[in-house]
Amino acid sequence: MKRIAALILVAAVSLTACRGGDTTTDAGGIKTDIGVTKEPCKDAIDKAKGCIYLGIISDLTEGPFKALAVPITDAQKAFWKRVNTAGGIGGYEVDVTTYIRDNKYNPQVHKEVYDQIKGNILALAQTLGSPTTAAILADMKASNIVAAPAAWTSAYAFEDVIIESGANYCIESMNAMDYAADKYKPKSVLSIHYAGDYGDDAAAGAKIAAEKLGMTFSHLKTDSGADKQAGAIAEIIAKKPDLVLVTTGPTELATIVGQAAARGFTGRFIGTSPTWNPALNASAAAPALAALYEQSAPWNNWATNTPGHEAMRKALPGVTPSDGYTSGWVWSYPLKAALAKAAANKDLTRAGLLAAVKSLESVDYEGMLPATAGNYKAGAAGQLKMTAFYKPDKTAPTGGVMVQDLKVGKTAEAYKLEGPCFAKL
Amino acid sequence: MVDLLEAVIRGLGRGSIYALLALGFVIIFKATRVISFAQPAFMLAGAVLVTFLVGPLGFWGALIAATLLTALLALGVERSAVRPMVGRPAFVVAIITLGVDIAVRVVVNAFLGINVRQVDDPWGLKTVELAGLRVEQRHIAVLLTTTVLVAGLFAYFRFTRMGLAMRAASYDQEAALAQGVSVGSVFAVSWAMAGGLAAVAGTFVAAGENVDGLMWRIALVALPVIILGGLDSLPGAVVGGLLVGVLQELAANYQAEYAPVWLGENVSIITPYVVMLLVLLVKPYGLFGTREVERV
């Protein structure tokens, strides 16, 4: 008897832990299930509206990308507040603050916190990191949980539940190679990168481009931590490549560029987008970075003049400019479009949202990305392939000035994405 | 040859930092028979303090102030968290220091914020030519600083009353107590010294680089250093630190040429642990550790 009572209790707790769960239809005729409630959000602007709960799993305290992750998260809070202020979506407001969790950039922690919140959310407004997101991807697919990633691995082109924005790391590296080929005519390239979907993807793009461009290619996997870069620096000094592509975190970048330059290396460096942090302009490596380093980016920076950038700056008054904000803001547009489409389809269930994602042919990024961006219906063929380039500049709001606007290189243009690039490394 | 010598000098620079960290571990171990896992947090705390103090005080002023403040922090930890555990098994106290490490790092991370910070050292990544060798100035600076500190420490243990008391307590606490040595004071001074040394080490880790939340992991390399040097040996900590630093740098420098591919690309990271294992196979108590004699 006690056992049965315990089982009933566990079942009751499990059921009440889920927001929604059963499919219901609201007064407006919209079907809902998990993560959508008739009750208003905690900080609702209009208490008459229901609430859509979105989760955020990010690197908020001690991981290598916290300098990006915190502003990404703040920008997403501001983005959805703007959506709510403008009337919400389909009679609902959106809550992205209740289920924010820290992944410490650790796949195991990422999975743990995902398990904690997945029963309460309709979708993820952010899942930061490629290796971390890989830890929950199978469950996301099984549970129909759509997510806006804070990462750009090429594998996302083949995942319906991931609603990505901008060129992936693989394409970004191809564009970096084309950019360098035009500007510096390198004959050899060394890719220094983290292991996993992030670093391997960028390195694979460089490898594919090097073959097309007739350059010699080599690569070296490195670990996170400034103290673990001695091998990478020694490799640069020994091989003396004309171009080094760096796909790490900011502290590793500063160590690699600074110490290689101190040991007499004069080749060029290009960093994949998450590798940069404007605070490096104040580091001991700043002179070396200013002389040798450029940054690739999937969209233009904070100071750009588009309606989307202006709306972002207006929604985030008084903050220290960071392209973490830009990224968080850009990544939110497709999820907003998908929610609006699902609401228009009268189906805000998880399955309904996923169906809406699969049917999106374009997303209005308010000018932050071209009108062709956001074609999820086309799958991998609909991937945006544009990359911009910046160089360090202490006086610029986010520590860099543009040296080349968003553009598709010849290699990326011709490349047909048939599977995740990192498998080809 | 130039390459080799430059790598050795870089290794001595890196090894000096390991030596300072290892000395902290050994000083606490000798006094209390406990390995303090709080050293990484003290190292990070010291470096972060320097980043805040360097503006008003300049680098050296900030370094001295941060060293003293971190020593005080360590003293506070000893008084509040460790002292009440005297008489409990060493394992229990070691676990408490692990908790202290996490707690202190959480607080320090909050001060650190989301961006990297700098200690604004005078050397940065500047190099100097010495006998045809290109040497980074920060490596010379840390080597000289470590030399001065180690000489000072050895003189302190050799010539001062408290130094003598600490040596006595490390041999036999009860006998020392019977001779009027305040073992409590010995514990306190040991923790304060270890905290101060960790702060200096942290500052030099960040010299030419950045302070970020992951910097504490460097202190973990001091663990194989103290095992291979000998857990209770101050000279062992210094020699072990320098040895590991040099071998790590040589491994990084020559791996591509000599190491088999299957070892991966970052052999230098595991070098300290490989060296430790090899040394322990030959000398189970480390290079300079005291062989334990037990009656059976």
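Tutor: Chain B has ten helices and two strands, where helices (H or I, at least four residues) and strands (E, at least two) are DSSP runs numbered from the N terminus. Along the sequence their order is α-α-α-β-β-α-α-α-α-α-α-α. This is a predicted model, in which local features need pLDDT of at least 70, side-chain atom pairs count only at pLDDT 80 or more, and totals for chains, interfaces and linings use all residues. Residues are numbered from 1 along each chain as its sequence is written, while chains are lettered from A and ligands numbered from 1 in the order in which they are written.

Student: What does the radius of gyration of chain B agree with?

Tutor: The radius is taken over C-alpha atoms, and the globule rule is 2.2 Å times the number of residues to the power 0.38. For 296 residues a compact globule would have a value near 19 Å, so the 19 Å of chain B agrees. The C-alpha trace spans about 60 × 50 × 35 Å along its principal axes.

Student: Which elements of chain B each supply at least two residues of the side that touches chain A?

Tutor: Two residues are in contact if their C-beta atoms, placed from the backbone, lie within 7 Å. On that basis, 28 residues of chain B contact 36 residues of chain A. The elements of chain B that each supply at least two residues of this side are β2 (133–136), α9 (234–258) and α10 (267–282). The largest share, six residues, comes from α9(B).
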